[in-house]
Amino acid sequence: MARVLLKGLRTSLGRRATSNVLASCSWKPAYQPESLRAEQARFCSTSSQQKPRRYAMSIRLRPEYQEEYIREHAAVWPGVLQTIRDCNISNYSIFLRDGVLFGYFEYSGNDLKADFAKMGECPETQKWWTLMKPMQQPFDNLREDEDWWAMMDEVFHTD
């Protein structure tokens, strides 16, 4: 099956385009000829895409708002989600334990501060933040460059 698919790709797209398609998609055929694997490795090693940077942050959740906070985050507004994506943020998660929210996201842009400012200019996001802010309680020891969520320092990572 994989040979038929690869042969069809090569016929319709040519060898280089076939390699580019294989390198850019998450599905990989079980059998891949050595020549295509080498071409795919060469293409991937010269890719201009940078790896996203990981960020983590935390804030307290006021106990009287826990149920509401969880309920609201089960249905985040589409405009807010789009703004997050438009600001080069992906793989965004928020976890909760013992009244502490832990947020994690990956950033693939070039200027996090500018993208955060862009996010803050979105009217729908501003409304969302107005709804969420009373539910949260910042830590007392925020850094000078923090105004709400406390950014965390990464001390370990492995892929």
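Visitor: What is the relative accessible area of Tyr-55?
Guide: Tyr-55 has a relative accessible area of 23%, so the residue is partly exposed (buried is under 20%, exposed over 50%, partly exposed in between; 1.4 Å probe, protein chains only). This is a predicted model, with local features needing pLDDT of at least 70 and side-chain atom pairs counting only at pLDDT 80 or more, while totals for chains, interfaces and linings use all residues. Residues are numbered from 1 along each chain as its sequence is written, and side-chain values use heavy atoms, without hydrogens and water.

Visitor: And how many aromatic pairs are there in the whole structure?
Guide: The search returns 6 aromatic pairs (Phe, Tyr or six-membered Trp rings with centres within 6.5 Å; planes under 30 degrees apart are stacked, over 60 edge-to-face, the rest tilted). One of them is Tyr-55 with Phe-105, which is stacked at 5.3 Å centre to centre and 15° between the planes.

Visitor: Where do those two sit in the chain?
Guide: Tyr-55 is in strand β1 (residues 53–61) and Phe-105 in strand β3 (residues 100–107), so the pair links distant parts of the chain, 50 residues apart. Helices and strands here are DSSP runs, H or I of at least four residues and E of at least two, numbered from the N terminus. Phe-105 is buried, at 1% relative accessible area.

Visitor: Which Trp residues form an aromatic pair?
Guide: Trp-77 and Trp-128 do, edge-to-face, with 5.1 Å between centres and 80° between planes. Trp-77 is in the loop between α4 (66–73) and α5 (78–86), and Trp-128 is in helix α7 (residues 123–132), 51 residues away. Trp-77 is partly exposed at 26%, whereas Trp-128 is buried at 5%.

Visitor: Which rings make up the cluster?
Guide: Ring pairs join Tyr-55, Tyr-92, Phe-105, Tyr-107 and Phe-116.

Visitor: Switching to helices. At what angle do α4 and α7 cross?
Guide: Their axes cross at roughly 160° and come within 11 Å (lines fitted to C-alpha atoms over the stretch in contact, with angles from 0 to 180 degrees between N-to-C directions). The two are therefore roughly antiparallel (over 145 degrees; under 35 is roughly parallel, 65 to 115 roughly perpendicular, the rest oblique).

Visitor: Which residues of α4 and α7 meet?
Guide: Glu-68, Tyr-69, Glu-72 and His-73 of α4 meet Trp-128, Leu-131 and Met-132 of α7, where contact means heavy atoms within 4.5 Å.

Visitor: What share of the chain is buried?
Guide: 28% of its 159 residues. The chain has 7 helices and 5 strands.
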